[in-house]
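Welcome to this short briefing. Take a moment with the sequence and the fold, and then walk through a few points with us.

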Amino acid sequence: MSQRQLQTRMVHTGKTPVYEGGSPVNPPVVRASTVVFDNVAQQRDMRARRSGERVFTYGARGNPTGFALEDAVSELEGAYRTKLFPTGLAAIAMTLLAYLKPGDHLLMSDAVYEPARKLAESFLAPYQIRCTFFAADGSDVEDKIEPATRMIYAECPGSLVYEMCDLPRLADIAHRHDALLVCDNTWGSGCQYRPLALGADVSVMAATKYLSGHSDVMMGTVATTEAAWPALSARSDAFGMTVSPDDAYLVLRGIRSLAARLAMHEQHALRVASYLQSCPEVRSVFCPALPEHPGHDIWKRDCTGTNGLLSFEFQPLVTRAAADQWIDSLELFGLGASWGGYESLVTSADLPSARSVTDWSGHGCIVRLHIGLESPDDLIADLGQAFDTFNRERSTYGISRSKA
């Protein structure tokens, strides 16, 4: 037995357990701030290499559990490398900061995640980075690009009503004008949609959504081509961006079942969409997998499936108060933001305030649904009882039972 005192032995023993047997299926959770080295030469070597290589040198530079998740996301996205961030919005912010400088011009889709719009409008302007929004389908990008445009930022399908844009066309325009094409791929999750394969330079995802799949983690990912990687890597390291190894472990666990969960989400959502299309209270259903959806042909060309997201528009005479009462009468749908977990959710969507290029003021109230892993029969029954409640007071709401 060592002659050192108990408190000394408790600090220095049990750090590197040795065992005989196989390997765990999942990588271990490595919680670390300080990383120690065998000698000064090794420490210097690791620090010299870490700007260009992925080596374990300090907690703020990443950890082995996070590295495993980076590899999984890179495989999912078809990327050269991936960085992890504390939230999806942090991933968006770091993408903008990594590639834009004062005097640059950003072209951003009118259909982006609303906090990304606010970030571009409020944060970038004081740094003399101008932002112009383009139509959700990308039809006016060539007309709005400028000599100073350094980035085209798309979200495809678009947030809330899932507009499709021709990403290979946007990539061609961007690269002809020496600009990067960035795509928010949270909807596609790397399974249904792969922006990098379609010409994008950078793909951003909120791992909070389908990658995690269980509504218990906040995280963002940015995956890039080899050419786009150095700028993102350097700026992320400069800002000390990293994630908890426990959160990385949870997202890794979620990724294992991603394809199977998405198949169920798609199956359930398409059944619910078909039901909603038959409801006289509904004017239109938004889901790119539906043949009636604008951009459906692009979806068929570029995507391999859909997910649990869909939105619908009430008939024009339905007031917001009436739509809110309909939402409140649902029993199985949780009322909340976000999506991509195993559960069904509902929220109202304010398109007029979320768009500046396309005028949505003449449309009816829009409701977004996330269709979860519950039985679609039960979800449809819940929607049906909400419509029944809605129609018992139809004279107040100003809508008849006949399809408009």
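In which hand, left or right, does α10 pass α14? The crossing of α10 past α14 is right-handed. Please keep in mind that this is a predicted model.

**Helices α10 and α14**

- Helix α10 spans residues 258-277 and helix α14 spans residues 376-392; their axes come within 9 Å and cross at roughly 30°.
- That angle is under 35 degrees, so α10 counts as roughly parallel to α14.
- On the α10 side, the contact involves His268, Arg271, Val272, Tyr275 and Leu276.
- Facing them from α14 are Pro376, Asp377, Ile380, Leu383, Gly384 and Phe387.
- Sorted by class, the contact of α10 with α14 holds 7 nonpolar, 2 polar and 2 charged residues.

**Helices α4 and α8**

- Helix α4 (residues 88-99) and helix α8 (residues 229-238) have axes that come within 9 Å and cross at roughly 115°.
- The two helices, α4 and α8, are therefore roughly perpendicular to each other.
- Here, α4 passes α8 in a right-handed crossing.
- From α4, the residues making the contact are Met94, Leu97, Ala98 and Tyr99, while α8 brings Ala231, Leu232, Arg235 and Ser236.
- By class, the contact of α4 with α8 is made up of 6 nonpolar, 1 polar and 1 charged residues.

**Cysteines**

- How many disulfides does the structure hold? The count is 0.
- Cysteine 183 is in no disulfide, and the nearest cysteine sulfur, that of cysteine 156, is 6.0 Å away.
- Cysteine 183 is also buried, with a relative accessible area of 0%.
- Why is cysteine 303 too far for a bond with cysteine 156? The reason is distance: the sulfur of cysteine 303 is 6.5 Å from that of cysteine 156, its closest cysteine sulfur, whereas a disulfide needs the sulfur atoms within 2.5 Å.
- Cysteine 303 counts as buried, at 9% relative accessibility.

**Glutamate 331**

- Where does glutamate 331 lie? Look in the loop between α12 (320-328) and β10 (334-335).
- Is glutamate 331 buried or exposed? Its relative accessible area is 65%, and the cut-off for exposed is over 50%, so glutamate 331 is exposed.
- Leaving aside residues up to four places away in sequence, glutamate 331 touches Asp382 and Gln385.
- Glutamate 331 and serine 159 are 172 residues apart in sequence, and their C-alpha atoms are 25 Å apart in space.

Notes
Residues are numbered from 1 along each chain as its sequence is written. This is a predicted model: local features need pLDDT of at least 70, side-chain atom pairs count only at pLDDT 80 or more; totals for chains, interfaces and linings use all residues. Side-chain values use heavy atoms; hydrogens and water are left out. Buried means under 20% relative accessible area, exposed over 50%, partly exposed in between (1.4 Å probe, protein chains only). Axes are lines fitted to C-alpha atoms, for helices over the stretch in contact, and angles run from 0 to 180 degrees between N-to-C directions. Helices (H or I, at least four residues) and strands (E, at least two) are DSSP runs, numbered from the N terminus. Angles under 35 degrees count as roughly parallel, over 145 as roughly antiparallel, 65 to 115 as roughly perpendicular and the rest as oblique. A crossing is left-handed if the near helix is turned anticlockwise from the far one by less than a right angle, and right-handed if clockwise. Contact means heavy atoms within 4.5 Å. Ala, Val, Leu, Ile, Met, Phe, Trp, Tyr, Cys and Pro count as nonpolar, Asp, Glu, Lys and Arg as charged, and the others, Gly among them, as polar.
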